Amino acid sequence: MGTLPEDWFFRSRLKLRHLQLFVALGEQGNLHRSAEVLGISQPAASRLLIELEERLGTPLFERHGRGLSPNLYGELMIRRARTIIDELERAGEEFNAIRAGHAGLVRVGTVMEPAVALLTRAIEQMHGERPGLRINVHVDVSRALISGLLDGHYNFVISRIPAGFSGEHFVFEEIGEEEICFVCSRSHPLAEQPVPDLSAMVDYPWALQPPGTLMRQRVDDLVRHRGLEPPHWIVDTSDLTTSLALVNASSFLTVATRGVAELLCDPQRFRIIALSKRLSVQPYGLVSLRRQQLPPGVAAMMRLLRQLIRQTPT
């Protein structure tokens with residue numbers, strides 16, 4: 001197989017239907033179900049796939065009894081097809097927004113701390129400057145946000161770049177780190193202790209972000225470095241609302257960033273516990289894709305965020 005020329009998509013007569021088929025196969029893993037999703041016959045779907053494989057000069061999927069599994073080339077095509085389809089959908093959203101008299105759409109992904117501090121100030125100010133600009137905000141953990149940025153779900157994100165992602169794809173502009181604190185209910189046995197000892201805290205159940213997330217890793221490291229056994233019962237959840245509900249109703253402890261805890265935890269019902277030594281996680285930042293063409297509304301939002309970042313005391 002030779003190197004593809006720059007205009008390979010013209011020469012291979014790549015069609016939108018091919019892209020839709022790739023996305024469907026990536027989601028269904030089966031040619032028959034993919035054909036049903038697209039509203040075409042299975043033989044027609046099979047012809048689409050075969051003709052493109054022949055034009056590219058290589059198989060894209062491994063055939064087996066349970067369906068189809070993409071090889072490295074197939075995974076690449078599925079990922080890029082998703083991005084193209086998503087961009088076309090976003091173009092329709094922006095088109096409709098402009099037609100309806102709006103100034104466009106900004107899709108932001110963020111970890112929790114900036115959502116309650118930096119981003120809220122930016123949205124408030126942007127509303128005064130561009131009242132027609134639509135802003136969608138999605139809060140998640142960094143790994144999911146960076147994946148969503150690569151897949152075209154966000155214009156930019158405020159997060160970290162987790163291990164396993166190549167930094168060459170991104171522009172990272174550091175903002176700051178997040179201080180971590182523990183939270184218990186006001187009726188908890190530890191609530192009246194000025195600075196509860198960690199060895200006493202691990203005797204109670206905890207609600208934590210799932211393993212592999214940065215905050216969970218930081219807490220696990222803290223417990224291990226103190227030479228302690230982990231809590232005997234841990235509920236894994238990335239939903240802080242669920243964690244706080246468990247804390248409010250029982251003897252659970254949870255972990256949150258300081259800014260989020262101060263916003264969401266009513267002091268009549270919750271106690272925010274800070275350890276004797278400040279606990280924080282690595283800095284997050286404004287993350288965008290390199291060589292990305294930003295719509296005017298998105299560019300304006302990012303300029304405002306950079307201005308607010310410079311004004312924020314370190």
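Trainee: Which residue in strand 9 is the bridge partner of Val183?

Mentor: That partner is Thr254. Before we go on, this is a predicted model, where local features need pLDDT of at least 70, side-chain atom pairs count only at pLDDT 80 or more, and totals for chains, interfaces and linings use all residues. Residues are numbered from 1 along each chain as its sequence is written, and side-chain values use heavy atoms, leaving out hydrogens and water.

Trainee: What makes strand 6 and strand 9 a pair?

Mentor: Two strands (DSSP runs of E, at least two residues, numbered from the N terminus) pair if DSSP finds at least two bridges between them. Strand 6 and strand 9 (residues 253–257) are joined by 4 bridges and run antiparallel, so they count as paired.

Trainee: How do you know that strand 6 also pairs with strand 11?

Mentor: Apply the same rule: 9 bridges join strand 6 (residues 170–185) to strand 11 (residues 279–289), so these antiparallel strands pair. One example is Glu178, whose bridge partner in strand 11 is Val281.

Trainee: Why is Arg216 called buried?

Mentor: Buried means under 20% relative accessible area, exposed over 50%, and partly exposed in between (1.4 Å probe, protein chains only). Arg216 has 9% relative accessibility, so it counts as buried.

Trainee: What makes the link between the side chains of Arg216 and Asp236 a polar contact?

Mentor: A polar contact is a pair of N or O atoms within 3.5 Å; within protein, one must be able to donate a hydrogen and the other to accept it, and residues adjacent in sequence count only if both atoms are side-chain atoms. These two side chains make theirs at 2.7 Å, so the pair qualifies.
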